[in-house]
Amino acid sequence: MSGAGGDDLAGRTGVPRARVRQNDYGPLLPPDLGRWEPRLRVSVVIPAYDCQDALDRTLAALAAQTYPAHLMEVVVVDDGSDPPLRVPEITPAGTRLVRVPEGRWGRGWARQTGAEAAAGDILHWVDSDMILDREHVEAHLRWHHLLPYAVVMGDVRFTPDGTWPRAGEVLSAVQAGDAERLFDGSAPHEWRAGVLKETRWLRDAGSGAYRLHSGASTSVPVALLRSAGGVNTALNMGEDTDLGFRLAQAGAVFIPDPQARGWHLGPSTVMLREKEVHRHNWSVLPDLIPDLRWLRTHPRRTWLVPYVHVVVDVGGARYEDVRASVDSALAGTLIDVAVTVVGPWARLPAGRHPSLDEPLLDLRLVRNLYAHEPRVLFAEEAPSGSAPAPFRLSFPAGWALGADSLAELVRLAESEGYGLLSAVLDEGATGVRAARLERTAAFARAALVTGGTPDGDIDADTDGDIDGAVHELFGSLWVSAAEFGVTTAGEAEPVAGDPAKWRAESTRWKREAERLRGEVESLRAETERLRAEAGHPRDERRRGPLRGIIPAAGRQTAPRRGKNG
């Protein structure tokens, strides 16, 4: 059975559309190993470069898997090895060797080349220096038979450097279910183990579950992988984290399985050169992963993937009102945004037209104003989705965000894990108008469980509404837009200054608050001293100054925080 991009895996395989809330996969009950009937086909993809001996051992372990051989293929991707890699004697049936296209190289290209060559329903990444336990693939696949949007991660232990067993020894040990004896002293990655412990094995990890996504041993439905855009071929490091983030935005649930045991031969590059790896990856990943907030600290930078995608519907509004809406989105304290302005742009004539009496003059002026603003795009219709941006805010032109409006809405959604915040703008004869802050991952998940696709498209025969599914899976909340500083364009204060100045102003007030706090502490200490002296029978006169100082200390308070922070 061949996987295809955008296919409904649940519909094709009979896998139920289970509704997993946040990342809590706990209610799912996978079958016991060896006591179920597999039906999905898996493609094990191994990116490899100049590692024939290691590859021989990895393939030997795969040759002893309990997952049915007729449902498993192995695709080895040679990333330009010299001499070229070869398929050894001990290898699973159905093993194929493909090469990265001429002139291309790197882990991103190797992984994507393997994904494009895969013929299975499920793609199972395996590093070329891994030894998998005999039930490893089976442990992964039982989850995929339960959930069509699962990303399953194996339990990887790292061995000390040493002399590795030969392929024949690996085959014998794995067949006997005794692979662990080959690797005395193996241990899990400490950081990974800590995250698993803190989050009940990612059940409580929420939107951050993708952090553990790794190519060492991870499996994903091919349809979900393709809906997330596949592997970023421009990356030779950090491609696993980037892909994990995009899978999360596509609605994935991340499941670590302790029974999918495997051993990585020797420490990983991150374990050996952690600071250097971070130095490299943190020059690339901030552009791609908005969640890395600590790496997006520059007050004026524009990033490739915004944290929030703002959609403003022109809806026949005046130029001044549209400008007020768009400018307010661009000028907030949360600067990491991109704006799409929705309107009938195709109706603007390209040829001769009157400059002042054009029927669509307001529309023309809006396009003139933002034609060269890189953060503003024009669209005839609202985009169906905003992935990989984690959030999307939609509201009609004529309303303006306050300086902190977007930041505060996002902060509320993040702190409580909400999938949807609806901020009421007004209520009239036609009903309630609201600004909507949507979590991308929540709406992608809701589309999957109601019969749609991760980009938000819904089939005609869906079994539930999207907003209802989002509420069930992530939670939703109605709030007052006014409480978050949203006003009509006419009431909005003119946009002035920039976020850098607001940050500077905020810093100044913080320093002032610290200074006043220090004065209060000094006065409190003086009060205690005077109180002690006042208690001495020979110094009753000190009670007067004590009464004078206490009110003074009470008046020394920090300035109140205004709307602009």
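Let's start with helix α2 (residues 52-62) and helix α5 (residues 167-175), which pack at an angle of about 25° with their axes 8 Å apart. This is a predicted model, where local features need pLDDT of at least 70 and side-chain atom pairs count only at pLDDT 80 or more, while totals for chains, interfaces and linings use all residues. Residues are numbered from 1 along each chain as its sequence is written, and side-chain values use heavy atoms, with hydrogens and water left out.

Two packed helices are described by the angle between their axes and the distance between the axes. The axes are lines fitted to C-alpha atoms, for helices over the stretch in contact, and the angles run from 0 to 180 degrees between N-to-C directions. Helices (H or I, at least four residues) and strands (E, at least two) are DSSP runs, numbered from the N terminus. Angles under 35 degrees count as roughly parallel, over 145 as roughly antiparallel, 65 to 115 as roughly perpendicular and the rest as oblique. So α2 and α5 are roughly parallel to each other.

Which residues of α2 and α5 meet? On the α2 side they are D56, R57, A60 and A61, and on the α5 side A167, V170, L171 and V174; contact here means heavy atoms within 4.5 Å. Sorted by class, this contact of α2 with α5 has six nonpolar, no polar and two charged residues. For that sorting, Ala, Val, Leu, Ile, Met, Phe, Trp, Tyr, Cys and Pro count as nonpolar, Asp, Glu, Lys and Arg as charged, and the others, Gly among them, as polar.

Further along, helix α12 (residues 319-330) packs with helix α13 (residues 361-370) at an angle of about 30°, their axes 9 Å apart. That makes α12 roughly parallel to α13. From α12, the contact takes in Y319, E320, V322, R323, V326, D327 and L330, and from α13, D362, L365, V366, L369 and Y370. The class tally for α12 with α13 is eight nonpolar, no polar and four charged residues.

Now for the rings. The structure holds seven aromatic pairs. Rings of Phe, Tyr and Trp (its six-membered ring) pair if their centres lie within 6.5 Å; planes under 30 degrees apart count as stacked, over 60 as edge-to-face and the rest as tilted. One of the pairs is Y210 with F245, edge-to-face at 5.6 Å centre to centre and 70° between the planes. It links distant parts of the chain, 35 residues apart: Y210 sits in the loop between α6 (190-198) and β8 (217-221), F245 in helix α8 (residues 239-249). Are these residues buried or exposed? Y210 is buried at 5% relative accessibility, and F245 is buried at 0%; buried means under 20% relative accessible area, exposed over 50%, and partly exposed in between (1.4 Å probe, protein chains only).

Finally, the backbone. Most residues other than glycine have a negative phi, and most peptide bonds are trans. The D82 to P83 bond is cis, with omega near 5°, and P83 is in the loop between β2 (72-78) and β3 (95-99). The A387 to P388 bond is also cis, omega near 5°. As for positive phi, R200 has a value near 50° and W201 one of about 55°. R200 is in the loop between α6 and β8, and W201 lies in the loop between α6 and β8.
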